[in-house]
Amino acid sequence: MNAQMENGKTLVQDDLTAEFQSSPRYGNGAWEMAAFVSIAGASPLQGPQPGDLAAFDNSPPPAGQPPVTGVSVRMTVNGADAEVSLGNQHFIQY
């Protein structure tokens, strides 16, 4: 598993989509992203607060990738970009 740290924020749109832009330093392979939706309205730097939503994905990883952590979302970068669609089953409420 690759390891680098970066943080950022975005707004969830009316159609419940969100887009994150990251630095162009992530090479091809498996990456894990921790994400939460601030419902409580506190600063994201304070971490999740009661009522906030956290994203996770326990789906089996693609062949040849390490096991999922269960506390984040797996993305596979291939050629520069990665896209992940999360449904209601991928969130827990703090």
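## Overall fold

Reading along the sequence, the protein chain runs β-β-β-β-β. That makes five strands and zero helices. The radius of gyration is 14 Å, close to the 12 Å that the globule rule gives for 94 residues, so the chain is as compact as a globular protein of that length. If you boxed up the C-alpha atoms along the principal axes, you'd need roughly 40 × 25 × 25 Å.

Keep in mind that this is a predicted model. The mean pLDDT of the protein chain is 81, with 96% of residues at 70 or more. Among the elements, strand 3 comes out highest with a mean of 86, while strand 2 is lowest at 83.

## Surface and contacts

The accessible surface of the protein chain comes to about 7000 Å². Carbon and sulfur atoms account for 53% of that area. As for what's tucked away, buried residues make up 18% of the 94 residues.

## Asp 52 in its loop

Now for a single residue. Asp 52 sits in the loop between strand 2 (35-37) and strand 3 (53-55). Is Asp 52 buried or exposed? Its relative accessibility is 0%, and buried means under 20%, so Asp 52 counts as buried.

One of its polar atoms lies 2.8 Å from the backbone nitrogen of Ala 40. The backbone nitrogen of Gln 49 likewise lies 2.8 Å from a polar atom of the Asp 52 side chain. Both pairs fall within the 3.5 Å cut-off for a polar contact.

Which residues does Asp 52 touch once you set aside its neighbours within four places in sequence? Phe 36, Val 37, Ser 38, Ile 39 and Ala 40 are in contact with Asp 52, and so are Gly 47, Ile 92, Gln 93 and Tyr 94.

## The aromatic pair

The count of aromatic pairs comes to one. Tyr 26 and Trp 31 have their ring centres 4.8 Å apart and their planes at 90°, so the pair is edge-to-face. The cut-off for that label is over 60 degrees.

Trp 31 has a relative accessible area of 8%, so this residue is buried.

Definitions and conventions: Residues are numbered from 1 along each chain as its sequence is written. This is a predicted model: local features need pLDDT of at least 70, side-chain atom pairs count only at pLDDT 80 or more; totals for chains, interfaces and linings use all residues. Side-chain values use heavy atoms; hydrogens and water are left out. Helices (H or I, at least four residues) and strands (E, at least two) are DSSP runs, numbered from the N terminus. Buried means under 20% relative accessible area, exposed over 50%, partly exposed in between (1.4 Å probe, protein chains only). A polar contact is a pair of N or O atoms within 3.5 Å; within protein, one must be able to donate a hydrogen and the other to accept it, and residues adjacent in sequence count only if both atoms are side-chain atoms. Contact means heavy atoms within 4.5 Å. Rings of Phe, Tyr and Trp (its six-membered ring) pair if their centres lie within 6.5 Å; planes under 30 degrees apart count as stacked, over 60 as edge-to-face and the rest as tilted. The radius of gyration is taken over C-alpha atoms; the globule rule is 2.2 Å times the number of residues to the power 0.38. Accessible areas come from the Shrake-Rupley method with a 1.4 Å probe; for residues, only the protein chains shown count as cover. pLDDT is the predictor's confidence in each residue, from 0 to 100.
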